[in-house]
Amino acid sequence: MPPLLSVRNLGLTYPNADGGLSALRDLTFDIAPGEFVAVVGPSGCGKSSLLQLLAGLRLPTAGSVLFEGEPLTGPRRRIGVVFQKANLMPWRTVLQNITLPLQLQGLPAAETQRRAVDLVELVSLTGFEHTLPRHLSGGMEQRVAIARALIHRPDLLLLDEPFGALDALTRDRMGLELLRIWDRYGKTIVMVTHSITEAVFLADRVLVFTPRPGQLRAHIPIPLPRPRALSQTYSPQFGALAMQVREAIE
Ligand SMILES: Nc1ncnc2c1ncn2[C@@H]1O[C@H](COP(=O)(O)OP(=O)(O)OP(=O)(O)O)[C@@H](O)[C@H]1O
Ligand SMILES: [Mg+2]
């Protein structure tokens, strides 16, 4: 299958007083349709910048990002993004937050409602449709943000450390939840994470970045069987893969 995303000699330099800050340098990789790819690397190596480029929210200063072979020149409905902070509208309920992107687009109310109700179920928030964000836990807020990102039925879902602010147990639960969503939804996911365990547990492939300017240090395939269960994280194979990722980072 042709790649969904092709990154070619991608570079990003932010303008600054001393001639520019190089955030990403000469990245080349492909992402296949349906793949789950995790991106790991030291803080400040350009992971969030990369996600913005893959979302079309920022333009490269070198090279290109191709979405189904076409240069990505701006945001697309077929690409959904979840940022590190859920950024929900505090005065809108769960359902109203999820429907917001479609309302802005002017889709018929009945269709909008139908999609939102399906998504509430998909992210296991049934019963909380009319709850305001301040009455949700952090994990629930992130699930609302994931549902909101899915409302356009994107082919590519980009996640920037979506579980970074959660405790370890909730994080594990959210990881399983995400795998279930990915399985049912069947789309491509690129997820930035600081957690090596999370990367190995979730992904088909882990991309490891060097310190800034971020360059690709390793592609590590994760041949663990699916569906995955948390018990797999205790297996010797899992340990060996996590070690491989850790060594690539260091
Ligand atoms: N809007 C911006 N303008 C200028 N410089 C920026 C901007 N955003 C990021 N940078 C710089 O680019 C580099 C990469 O930042 P980025 O946020 O992409 O890293 P990151 O890998 O996501 O880090 P973290 O793991 O801490 O989230 C940093 O040195 C940062 O200072
Ligand atoms: Mg970041």
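Modeller: Here is a quick tour of the sheets, the helix contacts and one arginine. Keep in mind that this is a predicted model.

Biologist: Fine. What is the strand order in the open sheet of four strands?

Modeller: The order is β2-β1-β4-β5, and the pairing is antiparallel.

Biologist: Which strands stand at the edges there?

Modeller: β2 (21-31) and β5 (70-71) do. Each has a single partner strand, so one side of each has no neighbour in the sheet.

Biologist: And how many bridges are there between β1 and β2?

Modeller: Seven, with β1 (residues 5-14) and β2 paired in the antiparallel sense.

Biologist: OK, other sheet. What is the order of the six strands?

Modeller: That open sheet runs β6-β7-β8-β3-β9-β10, and its pairing is mixed. At the edges are β6 (79-82) and β10 (216-221), each pairing on one side only. From one strand to the next, the twist averages 15 degrees.

Biologist: What about β9 and β10, parallel or antiparallel?

Modeller: Antiparallel, over five bridges, with β9 covering residues 205-209. The two strands form a hairpin with six residues between them. Arg205 has Pro221 in β10 as its bridge partner.

Biologist: Helices next. At what angle do α2 and α4 cross?

Modeller: Roughly 30 degrees, and the axes of α2 (residues 94-105) and α4 come within 7 Å. Angles under 35 degrees count as roughly parallel, so α2 is roughly parallel to α4.

Biologist: Is that crossing left-handed or right-handed, and which residues meet?

Modeller: α2 passes α4 in a right-handed crossing. On the α2 side you have Val94, Asn97, Ile98, Leu100 and Pro101, and they meet Val144, Ala147 and Arg148 in α4. By type, the residues of that contact divide into six nonpolar, one polar and one charged.

Biologist: How do α4 and α5 sit, parallel or antiparallel?

Modeller: The axes of α4 (residues 138-150) and α5 (residues 168-185) come within 11 Å and cross at roughly 20 degrees. That makes the two helices roughly parallel, and the crossing is right-handed.

Biologist: Which residues make the contact?

Modeller: From α4, Gly139, Gln142, Ile146 and Leu150; from α5, Thr170, Met174, Ile181 and Tyr185. That set has five nonpolar, three polar and no charged residues.

Biologist: Last one, Arg115. Where does Arg115 lie, and why does it count as partly exposed?

Modeller: Arg115 lies in helix α3 (residues 109-122). It counts as partly exposed because it has 19 C-beta neighbours inside 10 Å, and a residue needs 20 or more to be buried.

Biologist: What is Arg115 in contact with, leaving aside neighbours within four places in sequence?

Modeller: Leu102 and Ile151. Leu102 is 13 residues away from Arg115 in sequence, with 9.7 Å between their C-alpha atoms.

Definitions and conventions:
Residues numbered from 1 in each chain as written. Chains lettered and ligands numbered in written order. Predicted model: local features only at pLDDT ≥ 70, side-chain atom pairs only at ≥ 80, totals over all residues. Axes fitted to C-alpha atoms, helices over the stretch in contact; angles between N-to-C directions. Parallel < 35°, antiparallel > 145°, perpendicular 65-115°, else oblique. Left-handed = near helix turned anticlockwise from the far one by under 90°. Contact = placed C-beta atoms within 7 Å. Nonpolar A, V, L, I, M, F, W, Y, C, P; charged D, E, K, R; others polar. Pairing = 2+ DSSP bridges. Buried ≥ 20, exposed ≤ 12 C-beta atoms within 10 Å, placed from the backbone.
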